[in-house]
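Dear colleague,

Please find below the structure that I am handing over to you. My notes on what was found in it follow directly after.

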Amino acid sequence: MSIFDDPSVWLPLVFAGLMGLSILIYVVLDGFDLGVGILFPFAEDAEKDRMIASIGPFWDANETWLVLAVGLLLVAFPSAHGTILTALYLPVFVMLVGLILRGVAFEFRAKARAKRKDMWNRFFWIGSTMTSLAQGYMLGIYIMGLQQTWLTMAFALLTAVFLTVGYSFIGAAWLILKTDGALQRKAVAWAKGGVWGLVLGFGAISLASPAVSPRIFDKWFSFPEALYLAPLPLMSLVLVGVLWFSLRRLPAQNDHWSWVPFVTSCALFVLAFVGLAYSFYPYVVPEQITIYEAASAPESLMIILIGACVVVPTILAYTVMAYVIFRGKATELRYD
């Protein structure tokens with residue numbers, strides 16, 4: 001029987017795919033502008049204005065993908081939504097405070113008097129760092145099956161640090177693409193310092209998932225699955241090599257290859273996400289609830305799918321339009 005003959009099978013798969021796509025796009029897009037905020041303390045005042053200008057047209061729209069992902073989790077997998085957010089209540093609260101603080105600081109730093117601008121710059125950094133650490137902690141606890149023990153919390157804290165470093169790296173890669181001159185040279189130096197933290201973070205997450213779950217271990221290391229999956233780590237190693245090679249040669253004359261670090265780091269995030277998605281499928285709550293058990297009724301999912309077929313392409317369209325319109329180097333960010 002074809003998978004599409006049974007709506008109770010293919011509809012949960014479709015919504016799991018849409019939710020996964022939303023999370024992936026959010027991590028990449030909001031990851032780089034969070035990373036720019038994390039790098040604020042290492043920049044001069046004039047450079048901070050340029051850094052803000054590089055993310056000004058995009059940062060607010062980037063967060064739409066987080067709202068979409070959480071909304072899909074709520075309407076398509078309501079029981080999983082309750083379980084996950086109950087277990088992650090405190091880090092979710094910290095993340096929301098960070099996002100609010102960051103948004104307020106972004107607007108007020110441009111309107112405040114000169115003597116207050118430095119305060120709002122600090123708040124922008126604090127909000128970006130809080131958000132990144134909270135998301136990394138949530139990822140670590142999720143990988144550990146939402147279990148709250150000293151060991152799992154220690155791993156989650158480690159994941160929080162590594163994800164923050166990863167965001168700072170992709171933020172530096174974005175600045176290499178969007179700036180020039182002294183700030184671009186600084187961004188190259190920041191990226192060189194963060195690349196190994198990015199590699200260590202992905203490595204720790206990749207090793208932790210099989211270690212805590214015999215099911216995931218079997219999915220990755222059984223024969224012949226191990227052969228089929230071998231391209232993922234091999235491609236990751238190649239991308240790390242490309243990153244290091246390109247960073248050693250940047251900035252280049254006429255700004256050649258300034259796009260390579262950002263595109264390569266995005267590819268690394270995609271590979272890591274694909275690996276995690278494969279590891280946890282078919283569970284939406286690790287080792288507890290599958291996407292089929294958590295899914296709403298097929299009739300409800302069909303109605304929601306009609307709305308998703310309108311909303312998701314619309315968000316994709318204006319996201320692409322923003323990046324096309326504001327392509328090129330960042331210029332002065334104006335509010336008049």
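The crossing of helix 12 and helix 13 is left-handed (that is, the near helix is turned anticlockwise from the far one by less than a right angle; clockwise would be right-handed). Please note that this is a predicted model, in which local features need pLDDT of at least 70 and side-chain atom pairs count only at pLDDT 80 or more, while totals for chains, interfaces and linings use all residues. Residues are numbered from 1 along each chain as its sequence is written, and side-chain values use heavy atoms, with hydrogens and water left out. Helices (H or I, at least four residues) and strands (E, at least two) are DSSP runs, numbered from the N terminus.

Two helix pairs

Axes are lines fitted to C-alpha atoms, for helices over the stretch in contact, and angles run from 0 to 180 degrees between N-to-C directions.

Helix 4 (residues 64-76) packs with helix 15 (residues 298-325) at an angle of about 175°, and their axes are 12 Å apart. This pair, too, is roughly antiparallel. Helix 4 contributes T64, W65, L68, V75 and A76 to the contact, and the residues from helix 15 include L301, I304 and Y318. The contact has 11 nonpolar, two polar and no charged residues.

The nonpolar core

The largest nonpolar core has 98 residues, of which F15, M51, F77, I143, W190, F269 and V284 touch the most other members. Such a core is a set of buried Ala, Val, Leu, Ile, Met, Phe, Trp, Tyr and Cys residues joined through side-chain atoms within 4.5 Å. Helix 1 (residues 7-38) supplies the largest share, 15 residues. Leaving aside neighbours within four places in sequence, M51 is in contact with V36, L39, F40, A43, L175, L183 and W190.

A80 is placed in helix 5 (residues 78-87). At 0% relative accessibility, A80 counts as buried (under 20% relative accessible area; over 50% is exposed and in between partly exposed, with a 1.4 Å probe and protein chains only). Beyond neighbours within four places in sequence, A80 is in contact with L73, V284, V285 and A294.

Backbone features in the loops

The loop between helix 12 and helix 13 holds P251, which is joined to L250 by a cis peptide bond with omega about -5°. W257 is found in that loop as well; its phi is near 65°, a positive value in a residue other than glycine. W257 is exposed, at 53% relative accessible area.

A cis peptide bond also runs from Y281 to P282, with omega near 10°.

Conventions
Contact means heavy atoms within 4.5 Å. Angles under 35 degrees count as roughly parallel, over 145 as roughly antiparallel, 65 to 115 as roughly perpendicular and the rest as oblique. Ala, Val, Leu, Ile, Met, Phe, Trp, Tyr, Cys and Pro count as nonpolar, Asp, Glu, Lys and Arg as charged, and the others, Gly among them, as polar.
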